[in-house]
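Here's a quick tour for anyone opening this one up for the first time. Have a look at the sequence and the 3D view, then read on.

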Amino acid sequence: MPVLNPAKAGETHVSGSVTLKQPAPAGTTFEASVTLQDGTTTTATILPSGEFTVGTKPLTAGEILSAKVTAINGNFKKDSQTVSLTVDAGLPTNPIENYDVATPMMQLAVEGDKAIKGQVTLVQPIPNGTSFKAMITLPDGTTKETTINSSGQFELTTDALVAGQTYTAKVVATNGANMKESQSASVTVSEKEETDPLVDYNVATPTIKQGVAGETQVSGQVQLDPDWPAGTTFEAVIVLPNGRTRAVRLDSGAVAPDGKFTINTTALTADQKVLVKIVAKNGTFTKNSANAEMIVKAAPITDPLETYDVATPSVDPVKAGDTKVTGKVELVTPIPDGTTFEAVVTLPSGKQVKVTVDSNGNFTLPIDAVKAGDKLTVEIIAHNGDHEKGSDKVNVTVETGNPGETNPLENYVVAKPSVDPVKAGDTQVTGKVTINKPFPEGTTFEASVTMPDGSVKYGMVDINGNFIVKTGQLKAGQRLIVTIIAHNGDHEW
């Protein structure tokens with residue numbers, strides 16, 4: 001007859017034992033069967049020791065079970081007496097016996113960190129009165145424990161972690177005197193990856209002083225953002241056309257407190273391209289500024305006009321009543337780059353009138369009407385930057401005109417014109433003048449426009465005083481001089 005162990009509500013098995021009398025007939029096996037209150041019967045083989053466990057549906061409190069042992073030999077069977085058992089309604093002695101304590105997940109550990117961190121999923125529902133802690137085994141084999149918060153997170157403060165060390169953690173659930181552990185999880189401390197301290201730092205672009213052929217150094221300046229990462233040094237680096245570089249540290253004696261630096265080089269040549277950049281260095285990391293570029297200028301001539309011959313102009317005869325002085329000058333070639341020419345007439349009063357000489361050497365100087373015998377001086381001035389050079393002066397005496405001829409315009413007043421607004425892109429100048437009456441018989445009127453290059457354009461004035469002077473396309477900022485000229489025979493005013 002079998003002996004049954006107590007059974008509790010919720011369990012899914014019935015266990016017990018039986019004394020198997022020896023010797024048993026050869027070929028005999030033994031089987032335990034359990035019949036539940038609903039009539040369901042399940043069986044299990046009895047171990048040689050006489051112990052057995054029979055699986056069942058979940059048991060309910062107060063349910064009455066029956067069990068027996070059956071000896072089997074071939075087609076023959078023999079049953080023991082039946083025993084009964086009432087299922088106990090009491091709670092399990094260990095409330096966490098069937099609780100699943102999850103394996104923790106370890107957070108990545110990096111050398112230099114000062115904590116081991118992890119997290120565990122606290123499976124729901126959690127038996128009342130249950131608490132959790134993390135047990136962490138250190139590389140030297142000792143263990144330390146730390147609490148787990150309600151989110152399942154835990155953290156153990158340590159000394160600075162060392163690459164290659166391994167830490168192992170498990171979760172321990174405690175309920176009264178009962179404890180249950182999870183499986184263990186480990187983390188090995190990894191080497192710390194170097195981060196670039198310069199990644200967000202802006203390396204300022206330098207400015208370079210204009211270099212001149214023949215010089216043996218390049219100078220510049222840079223205004224560095226003072227909030228640079230600790231341990232950062234800076235160099236100014238020059239890249240020469242042959243690809244070679246030269247550098248100077250910005251904390252060296254070659255650099256002033258205001259960021260000005262000087263880099264020694266071989267003699268610079270005209271049109272040579274020089275690149276300078278600032279290089280920030282921090283450990284194994286570097287970061288460059290944008291390149292500053294400079295094209296070396298040719299060494300300037302002290303005075304580009306020093307040996308240039310400014311030719312003496314030829315001046316057309318000037319007669320009493322004339323209101324302009326015209327002439328021509330030969331522009332000796334080669335002309336130094338950047339040179340312009342100006343014609344200057346000095347009047348008897350000492351007043352000077354100046355106009356630009358056109359590209360063909362022609363010039364027209366507008367003047368007030370002159371009298372016979374007036375003395376004029378005409379010269380050509382060459383300009384180049386701050387330098388200028390004059391031609392020999394030509395003295396001109398105003399002629400009387402044809403013998404016995406009087407100037408019918410001598411006392412006639414030519415009115416000042418009004419000029420319509422002129423815009424860039426226009427190709428003509430228009431305006432109007434009041435023709436004072438009476439005017440001398442045989443008098444005609446002409447409008448003249450003196451262009452910026454000294455050339456003069458002309459257009460007739462109609463009987464109503466209107467005029468149009470064709471100029472060619474005009475540009476913004478050009479200065480034009482508009483004059484009305486009265487003509488009568490050889491006389492003009």
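Which residues do ring pairs link into a cluster? They are Tyr201, Trp228 and Phe234. Keep in mind that what you're looking at is a predicted model.

**Aromatic rings**

- Searching the whole structure turns up six aromatic pairs.
- One of them brings together tyrosine 201 and phenylalanine 234, in a tilted arrangement with 6.1 Å from centre to centre and 50° between the planes. This pair links distant parts of the chain: tyrosine 201 sits in the loop between strand S16 (185-188) and strand S17 (207-208), while phenylalanine 234 belongs to strand S19 (residues 233-239), 33 residues apart.
- Tyrosine 201 and phenylalanine 234 are both buried.
- Tyrosine 308 and phenylalanine 341 make a tilted aromatic pair too, with 6.1 Å centre to centre and 50° between the planes.
- Tyrosine 308 is in the loop between strand S24 (292-295) and strand S25 (314-315), and phenylalanine 341 is in strand S27 (residues 340-346), so this pair ties together parts of the chain that are 33 residues apart in sequence.
- Tyrosine 308 has a relative accessibility of 7%, so it counts as buried. Phenylalanine 341 is buried as well, because its relative accessible area is 8%, which is under the 20% cut-off.

**Glutamate 446, a buried charge**

- Look for glutamate 446 in strand S35 (residues 444-450).
- Does glutamate 446 count as buried or exposed? It's buried, and yet it has no salt bridge.
- The nearest side chain of opposite charge belongs to lysine 324, and that is 5.6 Å away.
- What glutamate 446 does have is a polar contact of 2.8 Å between its side chain and that of histidine 487.
- Leaving out neighbours within four places in sequence, glutamate 446 is in contact with Tyr458, Gly459, Met460, Val461, Thr483, Ile484, Ile485 and His487.

- With 7% relative accessibility, valine 237 counts as buried.
- Which residues does valine 237 touch, not counting those up to four places away in sequence? The list is Thr245, Arg246, Ala247, Ile263, Leu275, Val276, Lys277 and Val279.
- Valine 237 and leucine 275 are 38 residues apart in sequence, but 8.3 Å apart in space from C-alpha to C-alpha.

**Two open sheets**

- S1 pairs with strand S2 (residues 13-17) in the antiparallel sense, over two bridges. Leucine 4 has glycine 16, in S2, as its bridge partner.
- Another open sheet is made of three strands in the order S17-S18-S21, and here the pairing is antiparallel. S17 and strand S21 (260-264) are at the edges with a single partner strand each, so one side of each has no neighbour in the sheet.
- S17 and strand S18 (residues 217-221) pair in the antiparallel sense over two bridges. The bridge partner of threonine 207 is glutamine 221, in S18.

- As background, most peptide bonds are trans, and most residues other than glycine have a negative phi.
- Glutamine 22 and proline 23 are joined by a cis peptide bond, with omega about -5°. Proline 23 is in the loop between S2 and strand S3 (29-35).
- Threonine 333 and proline 334 are also joined by a cis peptide bond, this time with omega about 0°. You'll find proline 334 in the loop between strand S26 (324-328) and S27.
- Where is aspartate 271 found? It's in the loop between S21 and strand S22 (273-282).
- Aspartate 271 has a phi near 70°, a positive value in a residue other than glycine. Aspartate 271 is exposed, with a relative accessible area of 65%.

Conventions: Residues are numbered from 1 along each chain as its sequence is written. This is a predicted model: local features need pLDDT of at least 70, side-chain atom pairs count only at pLDDT 80 or more; totals for chains, interfaces and linings use all residues. Side-chain values use heavy atoms; hydrogens and water are left out. Rings of Phe, Tyr and Trp (its six-membered ring) pair if their centres lie within 6.5 Å; planes under 30 degrees apart count as stacked, over 60 as edge-to-face and the rest as tilted. Helices (H or I, at least four residues) and strands (E, at least two) are DSSP runs, numbered from the N terminus. Buried means under 20% relative accessible area, exposed over 50%, partly exposed in between (1.4 Å probe, protein chains only). Lys and Arg count as positive and Asp and Glu as negative; His and the chain ends are not counted. A salt bridge is a side-chain nitrogen of Lys or Arg within 4 Å of a carboxyl oxygen of Asp or Glu. A polar contact is a pair of N or O atoms within 3.5 Å; within protein, one must be able to donate a hydrogen and the other to accept it, and residues adjacent in sequence count only if both atoms are side-chain atoms. Contact means heavy atoms within 4.5 Å. Two strands pair if DSSP finds at least two bridges between them.
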